[in-house]
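Subject: Structure for you to look at

Hi,

Here is the structure I promised to send over. Have a look at it first, and my notes follow below.

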Amino acid sequence: MSGRYPLEIHIEDRVRLRKPHPCGGYEWEVTRIGADIGIVCLTCGRRVMLPRSKFEKGVKTILERSRPAAPAIHRE
Ligand SMILES: [Zn+2]
């Protein structure tokens with residue numbers, strides 16, 4: 001594998017996205033997982049749905065795992 005891997009994501013994981021929300025917030029919490037990923041902005045509380053492929057490309061860092069056993073992943 002050359003740095004490409006499916007992003008493991010769970011409900012209540014907190015992520016940092018590459019681009020800020022219009023409110024200025026970078027941090028989001030995952031609220032729904034399916035064909036689309038539901039996230040809520042931790043700065044302004046707005047909920048957004050993104051296609052999974054777009055979400056995976058947008059994630060820069062997983063800040064906090066809802067499941068403690070899983071290590072944090074830093075993606076560049
Ligand atoms: Zn926001």
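**What I found**

Going from the N terminus, the elements of the chain run β-β-β-β-α-β. That makes one helix and five strands, where helices (H or I, at least four residues) and strands (E, at least two) are DSSP runs numbered from the N terminus. Bear in mind that this is a predicted model, so local features need pLDDT of at least 70 and side-chain atom pairs count only at pLDDT 80 or more, while totals for chains, interfaces and linings use all residues. Residues are numbered from 1 along each chain as its sequence is written, and side-chain values use heavy atoms, with hydrogens and water left out. Of the 76 residues in the chain, 33% are buried (buried is under 20% relative accessible area, exposed is over 50%, partly exposed is in between, with a 1.4 Å probe and protein chains only).

**The zinc site**

Which residues hold the zinc ion as protein donors? They are His21 (ND1), Cys23 (SG), Cys41 (SG) and Cys44 (SG), lying 2.0 to 2.3 Å from the zinc ion. Donors here are N, O and S atoms within 2.8 Å of the metal (3.2 Å for Na, K and Ca); water is not among the atoms, so sites may look incomplete. The spacing of the donor residues in sequence is H-x1-C-x17-C-x2-C. Cys23 sits in the loop between β1 (14–17) and β2 (27–33) and Cys41 in strand β3 (residues 36–41), so this pair ties together parts that are 18 residues apart in sequence.

The arrangement is tetrahedral because the four donor atoms subtend angles of 106 to 118 degrees around the zinc ion. For four donors, tetrahedral requires all angles to lie between 85 and 135 degrees.

Gly45, in the loop between β3 and β4, is partly exposed at 43% relative accessibility. Gly45 and Cys23 are 22 residues apart in sequence, and their C-alpha atoms are 9.9 Å apart in space.

**The largest pocket**

The largest pocket holds about 270 Å³ of space. For the search, a 1 Å grid was laid over the protein atoms alone; a pocket is an open set of points where a 1.4 Å probe fits, with protein on both sides within 12 Å along at least five of seven lines, and lining residues have an atom within 4 Å of a point. Grid points are joined across faces, edges and corners, and the volume is the space filled by probe spheres set on the points.

Among the lining residues are the zinc donor His21, along with Trp28, Ile39 and Lys54. Both β4 (47–51) and α1 (52–58) supply at least two lining residues, and α1 gives the most, with three.

**Other spots to check**

In the segment before β1 you will find His10, which is buried at 16% relative accessibility. The side chains of His10 and Glu8 are joined by a polar contact of 3.3 Å. Glu12 is also in the segment before β1, and its phi is near 75 degrees, a positive value in a residue other than glycine. Most residues other than glycine have a negative phi.

Lastly, Ile62 lies in strand β5 (residues 59–64) and is buried, with a relative accessible area of 2%. Ile62 and Glu27 are 35 residues apart in sequence and 9.4 Å apart in space, C-alpha to C-alpha.

Cheers

Conventions: Four donors count as tetrahedral if all angles lie between 85 and 135 degrees; four count as square planar and six as octahedral if opposite donors are over 155 degrees apart and all others between 65 and 115; anything else is irregular. A polar contact is a pair of N or O atoms within 3.5 Å; within protein, one must be able to donate a hydrogen and the other to accept it, and residues adjacent in sequence count only if both atoms are side-chain atoms.
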